[in-house]
Amino acid sequence: MDLRLPETDLVIFDCDGVLVDSEALSCRCLSEALGRVGIEMSTERALELFLGRSTAAVLDYCRAAGQPLPATFLPDLALQVRETFRSQLKPIPDVGAVLAELRLPHCVASSSDLERVRFSLELTGLAAYFGQRLYTSQMVARGKPAPDLFLHAASLMGAEPRRTLVIEDSSSGVLAAKAAGMKVWGFVGGAHYRLRDAGGLLRQAGADRIFAAMTDFWTKG
């Protein structure tokens with residue numbers, strides 16, 4: 001056990017906005033892709049609606065609004081995101097140092113699809129810290145804010161929910177972790193939170209702690 005994280009047997013990291021600074025990039029791509037099919041939505045609105053959620057939530061939202069998306073939408077969006085990431089994606093500053101110091105079992109549980117998670121981690125040099133311990137919303141019936149993904153990850157990692165710590169950047173992720181009976185820290189250091197009261201949003205969702213820089217990961221607070 002890492003003595004700096006008492007009563008913890010597993011740390012689960014969200015990927016987008018926690019390990020890689022991708023949320024603003026991906027929501028900008030989503031805004032542009034929706035515009036190409038005649039649906040106007042700003043990047044800020046896309047962040048508000050879909051931060052921490054899977055692409056299934058986008059499909060459901062547009063269908064409910066009477067604007068179902070064409071079958072080509074998700075493949076085209078995935079291609080645009082990949083090309084944008086290839087030229088602009090960066091790891092969250094200092095997250096590599098946290099992972100290098102972490103002595104507890106740890107894994108990723110993300111709303112993004114497995115291919116995108118792998119691509120993001122490889123591109124930013126973080127893949128070796130996780131190996132095959134990658135879990136995504138594709139693997140469960142319900143994505144965040146339902147607890148299914150975090151419970152699935154903890155089960156496969158052999159950890160009890162009450163002894164699991166989740167690192168999340170979205171309200172839906174915090175809600176999912178709390179519904180799973182886990183501790184959760186809200187991280188607000190991503191570019192998508194520079195102009196938003198992220199701490200208030202995540203505290204309202206139930207985060208046990210808020211921190212804004214990975215250099216503060218080991219600081220008690």
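Which residues of the largest nonpolar core touch the most other members? They are Phe13, Leu19, Ile167 and Phe217, in a core of 74 residues. A nonpolar core here is a set of buried Ala, Val, Leu, Ile, Met, Phe, Trp, Tyr and Cys residues joined through side-chain atoms within 4.5 Å. Buried means under 20% relative accessible area, exposed means over 50%, and partly exposed lies in between (1.4 Å probe, protein chains only).

This is a predicted model, in which local features need pLDDT of at least 70 and side-chain atom pairs count only at pLDDT 80 or more, while totals for chains, interfaces and linings use all residues. Residues are numbered from 1 along each chain as its sequence is written, and side-chain values use heavy atoms, with hydrogens and water left out.

**Sheet**

- Six strands form an open sheet with parallel pairing, in the order E3-E2-E1-E4-E5-E6. Strands (E, at least two residues) and helices (H or I, at least four) are DSSP runs numbered from the N terminus, and two strands pair if DSSP finds at least two bridges between them.
- Strand E3 (134-136) and strand E6 (209-211) are the edge strands, each pairing on one side only.
- From one strand to the next, the twist averages 25 degrees. Axes are lines fitted to C-alpha atoms, for helices over the stretch in contact, and angles run from 0 to 180 degrees between N-to-C directions.
- Strand E1 (residues 10-13) pairs with strand E2 (residues 106-110) over three bridges, in the parallel sense. Phe13 stands opposite Val108 in E2.
- E1 also pairs with E4 in the parallel sense, over four bridges, and the bridge partner of Phe13 in E4 is Ile167.
- E4 and E5 run parallel and are joined by four bridges. The bridge partner of Ile167 in E5 is Trp185.
- In E4, five of five residues are buried. Thr164, Val166 and Glu168 lie on one side, and Leu165 and Ile167 on the other.

- Contact means heavy atoms within 4.5 Å.
- Helix H9 (residues 198-205) lies across strand E4 (164-168), strand E5 (183-187) and E6, and runs at about 160 degrees to E6.
- In H7, the buried residues are Asp148, Leu149, Phe150, Ala153 and Ala154. They pack against E1, E2, E3, E4 and helix H8 (171-179).
- Gly158 follows H7 and has a positive phi, near 75 degrees.
- Phe85 is in helix H4 and is buried, with a relative accessible area of 1%. Leaving aside residues up to four places away in sequence, Phe85 touches Ser22, Leu25, Ser26, Arg116, Phe119, Ser120 and Leu123.

**Aromatic residues**

- The structure holds eight aromatic pairs. Rings of Phe, Tyr and Trp (its six-membered ring) pair if their centres lie within 6.5 Å; planes under 30 degrees apart count as stacked, over 60 as edge-to-face and the rest as tilted.
- One aromatic cluster is formed by Phe13, Phe130, Trp185, Phe187, Phe211, Phe217 and Trp218.
- Phe217 and Trp218 are both buried. Leaving aside residues up to four places away in sequence, Phe217 touches Leu5, Phe13, Val98, Ile167, Trp185, Arg209 and Phe211.
- The charged end of Arg209 sits over the ring of Trp185, 4.5 Å from its centre. A charge sits over a ring if NZ of Lys or CZ of Arg is within 6 Å of the ring centre and within 35 degrees of the ring normal.
- The charged end of Arg82 sits over the ring of Phe119, 4.0 Å from its centre.

**Backbone exceptions**

- Most residues other than glycine have a negative phi, and most peptide bonds are trans.
- The peptide bond from Lys144 to Pro145 is cis, with omega near 15 degrees. Pro145 lies in the loop between E3 and helix H7 (148-157).
- Glu7, in the segment before E1, has a positive phi near 55 degrees. Glu7 counts as exposed because its relative accessibility is 56%.
- Asp94 has a positive phi near 70 degrees and lies in the loop between helix H4 (73-88) and helix H5 (95-101). With a relative accessible area of 44%, Asp94 is partly exposed.
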